[in-house]
Structure formats: structure tokens, C-alpha cells
Amino acid sequence: MAHQVGNSVIDLDRGTLRRDGGIVPVRPKTFELLAYLVRNPGRVLSKDELLQAVWPRTIVTEDSLTQCIRDVRKCIGDETQSLVRTVPRRGYMFQAADDLSASLPSATAAVQIERAPEPMVAILPFHVNIDDATAKSLFDGAVEEIINALSYFKTIAVLARHSAFALAEHSDQDIWATAERLGADYVAEGSVERADDGYRTHVVLSETASGRRIWAQAFSFRTSDIFVFQRMVAQRIATALVANIESAAMRRISPAPAANVEAYVHILRGMALLRSYGEGVNQQAREHLLKALERDPDSGLAHAYLALADTIIGGYGGAPRALLDQARDRALHAIVLSPDEARCHRILALILLYLAEFDAAASHFARALDLNPYDADTLAQKGFFEVIRGHGEAGLALLDQAVQLNPMHPAWYYYDRGEALLVVGRYQEAVASFSCLPRKSAWQWARLAACHALDGNIDKARACAREGRCLNPGLTVQGILADLHMMCPEYRERIRSGLELAGWDEVQMPDAPLPATP
């Protein structure tokens with residue numbers, strides 16, 4: 001497969017790089033690094049991931065990587081570093097280029113992939129100059145809804161919420177350069193102050209490269225008008241970015257997630273807890289969502305996220321059938337209440353996936369992407385769905401598109417992308433992806449063990465097997481395969497083969513300590 005890289009063409013199958021019609025001599029490690037960058041466009045790649053991918057069994061310093069990056073830039077004529085971008089304190093990112101092959105996956109696995117259009121805008125969390133935790137939650141939620149609303153305009157790409165909020169954690173002197181490196185052409189910022197009967201805000205939209213102000217406006221409104229404010233800001237930003245906006249696009253913007261602000265705040269807190277990690281956070285999220293429904297029984301979004309919370313608490317795909325049936329019915333009710341809310345369709349699709357109702361899940365994933373084609377989480381979860389069905393390349397394409405929209409993505413993207421890479425047989429890259437998970441379960445150590453073994457690194461495979469068995473001594477290969485009942489047969493066979501090569505069932509567990517002598 002050939003890829004355009006600036007003025008050069010890299011052919012991954014033939015292992016060649018052409019520039020101005022001639023072959024460019026490239027050292028093997030430089031080509032490996034360039035190939036890895038090209039296969040992972042629009043994603044921030046850590047130095048550890050690149051070292052693992054290019055020098056998997058060799059101890060090298062970061063100087064080797066830095067020199068190799070210089071060689072890559074020299075080979076492709078990237079003097080301005082616009083193709084291979086340095087992301088301070090994080091790593092490097094390759095700017096996606098056009099694929100010359102123009103090929104799609106096979107008809108049975110074909111997925112229409114749209115390239116993210118220009119302009120790309122990042123909506124940063126507002127500066128809330130009020131000593132009030134509720135106000136902070138309220139305006140974090142308002143920013144999330146503005147991001148969601150803008151995504152419904154199919155001529156605007158929006159940096160995903162997770163990346164936009166992570167971007168805001170950078171210092172003021174880094175934030176603009178980082179936004180530009182992440183592909184954001186414009187940045188919207190806002191400040192909030194208390195007014196007599198509500199809030200006063202000032203929102204500014206600026207061009208990232210020049211800092212030029214594109215649009216700015218002050219808003220004063222009562223707390224109960226927060227939903228009107230969200231819609232108005234989304235419309236004004238879109239109007240500033242796109243000269244002619246179809247009126248139909250505004251009609252596609254999802255309705256307010258609740259009829260009153262109290263319910264809305266509980267929804268926001270529930271969603272935030274579901275995104276976090278820790279003891280009891282999912283149960284706390286459920287309690288907030290129930291409180292939201294007490295105040296607004298007709299909030300489709302609250303019903304959908306309550307269904308998701310119940311599914312997570314129940315154990316995802318391992319939840320009892322009765323619980324999944326109940327969650328599905330609640331998510332269906334959410335769609336009746338909010339038929340044009342993409343997140344409701346996405347949550348229903350996930351629950352249907354866990355119920356192994358694949359055709360229905362595919363339909364609701366498609367509807368979610370039709371409503372909001374640039375929602376990174378939907379793209380990622382649809383990608384994982386394609387992986388489960390055995391369509392690895394299609395799934396990987398969707399996951400890469402999700403990463404492009406959400407380069408500072410949450411940790412679960414690494415797991416889903418690792419699964420896709422395992423399905424297509426790119427074991428070293430799968431290892432790099434699984435290794436990025438901050439906390440690994442026994443099942444995830446099993447994936448790492450299988451990937452190392454299938455890549456021929458038996459020593460590392462056995463080390464991973466020991467880690468996994470220490471976490472769950474009773475977990476056998478058969479137990480792992482039973483947990484993979486939804487996966488395609490080819491995937492299950494690869495896991496079985498890899499774990500047997502890693503000696504998973506033969507791992508010698510340390511003896512239990514002898515009781516202390518009285």
C-alpha cells in the first residue's frame with residue numbers, strides 16, 4: 001500500500017521511499033520508524049511506544065530515537081516539521097496524508113471512512129471565576145454540549161472532549177503550540193462570572209497559528225437559560241467558521257439533555273464519574289442519574305447513561321442476561337425520548353453488542369455516526385465492534401480516525417486498538433498499545449503474553465504470563481477463551497496458540513508463605 005507523505009511516496013509493501021520520481025536511500029531503522037508513523041496518523045506516539053515498535057529487543061537511548069526522527073524528516077523533506085510534529089513532553093505525531101491506494105476493506109467489512117474536514121476547532125473548558133463547585137460542573141457540561149452540538153455540523157471537525165480538557169491542563173505558554181500540533185486550526189475559550197440573576201460569560205474564538213481573533217461575544221443569562229446559551233454559542237462558532245450553514249444542520253443539534261438545570265447537573269456528575277476510575281464510582285454515577293430522573297423523567301440522555309451504568313456495574317458483556325435485557329429496554333426508551341441524540345444510539349448499540357444482537361447493534365452504531373460523524377468515542381466503539389466481527393482492518397481504520405479526533409484519548413482506546421492490531425497480526429504494535437494501559441488486568445496480561453509469543457519473543461511472553469497468573473492464579477487458557485465467546489474464531493485461535501506458546505497454564509506460582517511460628 002502506497003501513501004503520500006508530503007512530496008514523497010512510501011510503499012509499505014515494497015519497502016521503498018520515492019521522492020521526485022527517484023528512490024530515496026533510507027536506513028532500515030529509519031524506514032521502520034517512518035512506516036510506524038504512517039500507520040498511526042494523527043495520534044500522539046510516546047517515545048516508549050516508538051522505542052518498543054522500532055527497537056523491540058534492543059536497549060537504546062532516546063538519542064537513537066531523536067536521530068532517527070531527524071533522518072525521517074530529512075528523507076521526506078520535512079524541514080518545517082509540519083509532517084512529523086514534536087508534542088512537548090509527550091512524543092511525536094505524524095500528520096495524516098492521503099492514501100494513494102484508495103482501497104476500502106472487502107464488501108463484507110466495508111466501512112465508509114470520511115476524512116476529518118477543515119476547519120478543526122478545540123473548545124476548551126471555560127475559566128469559571130466563581131468559588132462554586134456546581135458552577136464549575138455546569139459550565140464543564142456546557143462546553144461538552146457545545147462540542148457535541150458542533151459535531152452535528154458535518155463540515156466542522158471538533159477536537160474530542162477528552163483531548164480538549166487535557167489540552168487545557170497545559171500551561172498558557174504551551175497550550176497554543178500544543179493545540180496546533182494536535183491539528184486544531186481554531187481554539188475557543190471562555191470565562192464565567194456571577195451576575196445578579198445568573199451568569200455572565202465572554203467567549204472568544206481565535207486562529208491557532210496566528211492568534212488572530214475570529215469572533216468574540218459576551219452573554220448574560222439566567223441559570224435556567226443555560227441550554228439556550230449552549231445552542232447559541234455552538235451556532236455562533238459555526239457561523240464564524242463556515243460562511244453558509246444549512247438550516248437543517250441546526251435542526252440536527254441534539255435537544256437539551258434535561259428540562260431543568262438541577263437534573264442537568266446530576267447528569268453531568270454521573271457522566272464524569274462513569275469516565276473516572278476508583279472504588280464505587282460507577283455506583284455513585286448511578287445514584288446521580290437516578291436523581292436526575294427524579295427531577296426530569298423525560299431526559300433521554302439520563303436514561304441512556306443509567307442503562308450504561310447498570311451494564312458496567314453488572315460486568316459489561318459478563319452481566320446477567322436479565323440485567324442486560326433491562327438495560328436494553330431502558331436504552332430503547334431513551335431513544336424514544338431523544339431520537340436524534342447520537343449518544344443514546346451509541347449506548348444502545350453497546351448493550352446490543354453485549355447481548356450478541358449484532359445486526360441491531362450495527363444499525364444503531366450507524367445511526368449514531370449518521371447523527372454525529374465526528375464523535376471520537378462512537379468511532380472507537382464502532383471500530384471495536386468491527387474487530388469483534390472479524391473485520392480487523394475496518395475496525396483499525398475507525399479506531400485510527402477516532403484517535404485523530406481525540407489524540408489525548410482515554411486509556412481504553414489503547415485496549416481496543418490493541419485488539420484490532422492483534423486481529424490483523426501486527427503483534428509488535430499490539431504490544432505497544434496494550435503496554436500503554438496504566439493498570440492491567442489478568443486478561444490484559446494474557447493479551448500481552450499472546451502477542452509477545454506470536455511475535456517470537458517467548459521470554460517476554462512468559463514474563464507477562466507470570467504477571468497475569470499472579471493477579472488471577474485460577475485463570476486458565478480455557479477460562480480466557482470462554483470469556484472471548486463474542487470474538488471471531490480466528491482471534492480465539494490466535495489467543496489460544498499464543499498463550500500455549502507462552503506456557504500460560506504451566507506457569508509455576510510461588511509457594512504460599514508458611515504460617516508464622518508461634
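I started at alanine 135, which sits in helix α4 (residues 133-151); helices are DSSP runs of H or I, at least four residues, numbered from the N terminus. This is a predicted model, where local features need pLDDT of at least 70, side-chain atom pairs count only at pLDDT 80 or more, and totals for chains, interfaces and linings use all residues. Residues are numbered from 1 along each chain as its sequence is written, and side-chain values use heavy atoms, with hydrogens and water left out.

Is alanine 135 buried or exposed? I found 0% relative accessibility, so alanine 135 counts as buried (under 20% relative accessible area, 1.4 Å probe, protein chains only). Leaving out residues up to four places away in sequence, alanine 135 touches Val128, Ile130 and Tyr199 (heavy atoms within 4.5 Å). Tyrosine 199 is 64 residues from alanine 135 in sequence, yet I get 9.3 Å from C-alpha to C-alpha.

Next, rings. I counted 15 aromatic pairs, taking Phe, Tyr and Trp (its six-membered ring) with centres within 6.5 Å. Phenylalanine 227 and tyrosine 264 pair edge-to-face, with 5.1 Å between centres and 65° between planes; edge-to-face means planes over 60 degrees apart. Phenylalanine 227 belongs to helix α7 (residues 226-241) and tyrosine 264 to helix α9 (residues 261-275), so this pair ties together parts 37 residues apart in sequence. Phenylalanine 227 is buried at 11% relative accessibility, and tyrosine 264 is buried at 0%.

I also noted Tyr199 again, in a cluster linked by ring pairs with Phe126, Phe139, Trp215, Phe219, Phe221 and Phe229.

Technical notes. Helices (H or I, at least four residues) and strands (E, at least two) are DSSP runs, numbered from the N terminus. Buried means under 20% relative accessible area, exposed over 50%, partly exposed in between (1.4 Å probe, protein chains only). Rings of Phe, Tyr and Trp (its six-membered ring) pair if their centres lie within 6.5 Å; planes under 30 degrees apart count as stacked, over 60 as edge-to-face and the rest as tilted.
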